[in-house]
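The questions below concern one protein chain.

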Amino acid sequence: RRLGTVASFFVIYSLLIAGAVLLWHFSPLLVGRDLGFQPLLLVLAVPAVVAGGSIARQRRRHLNQRILVGVPEISTADKGRLLTEGVYARTRNPRYLEFLLLSFAYVAFANYSGAWIVYLLTFPAIHLVVLLEEPELRERFGAEYEEYCRRVPRYIPRRGAP
């Protein structure tokens, strides 16, 4: 926020581009060994795609492009609003859950050792991002966010939730 919107996006996208170049350079090492076709993994991938796709459809109803690129997080003028309806009434982090499900489907289908390693490392990375986001959300939305946290689980939706 202190940098402003343009400077913040410049830093973020510079880091993303640098990361992409590094990934491309080390891609043979990262891909790893082909573990071959496994029918069971394909059977597990199908419900992951269905669930991830369902979350994606529901999530799209609430997030516009401005929110997706993070303008409310870095803007000093517009703090945005706390999303608590739809899929956000069942899980506080549907985008991360969607990403994990769809990533699992891809990794299960591709079945390369490097992809599995990266996928497993994604869990602690996403959890760290969530832990870093939560104080900022508490600061922006205060008691409203605290109440939301009491009602709605961080990741796994509760059965029978609205």
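Q: Which residues does H62 touch, not counting residues up to four places away in sequence?
A: In this predicted model, H62 is found in the loop between α3 and α4. Leaving out residues up to four places away in sequence, its contacts are I67, L83, E85, G86, V87 and Y88.

Q: Does H62 count as buried or exposed?
A: A residue is buried under 20% relative accessible area. H62 has 18% relative accessibility, so H62 counts as buried.

Q: What is the distance between the end C-alpha atoms of helix α3, and what span should its 22 residues have?
A: Helix α3 covers residues 39-60. At 1.5 Å a residue, the helix should span 32 Å, which agrees with an end-to-end C-alpha distance of 31 Å.

Q: Which elements do the buried residues of α3 pack against?
A: The buried residues of α3 include L41, A45, A48, G52 and I55. The buried residues of α3 pack against α4 (65-68), α6 (94-110) and α7 (113-141).

Q: How many charged residues are in the lining of the second largest pocket?
A: This pocket has a volume of about 370 Å³. It is lined by 14 residues, with Y106, V107, G114, A115 and V118 nearest its centre. Two or more lining residues come from each of α2 (27-31), α6 and α7. By class, the lining has 11 nonpolar residues, three polar and no charged ones.

Q: Which element of the protein chain has the highest mean pLDDT?
A: The chain has a mean pLDDT of 88, and 92% of its residues reach 70 or more. Among its elements, the lowest mean, 68, belongs to helix α5 (residues 71-74), and the highest, 96, to helix α8 (residues 143-151).

Methods. Residues numbered from 1 in each chain as written. Predicted model: local features only at pLDDT ≥ 70, side-chain atom pairs only at ≥ 80, totals over all residues. Heavy atoms only, no water. Helix = DSSP H or I, 4+ residues; strand = E, 2+ residues; numbered from the N terminus. Expected span 1.5 Å × (residues − 1). Buried < 20%, exposed > 50% of the residue type's maximum accessible area, 1.4 Å probe, protein only. Contact = heavy atoms within 4.5 Å. 1 Å grid on protein atoms, 1.4 Å probe; cavity = no way out; pocket = protein on both sides within 12 Å on 5 of 7 lines; lining within 4 Å. Points joined across faces, edges and corners; volume = space filled by probe spheres on them. Nonpolar A, V, L, I, M, F, W, Y, C, P; charged D, E, K, R; others polar. pLDDT = per-residue confidence, 0-100.
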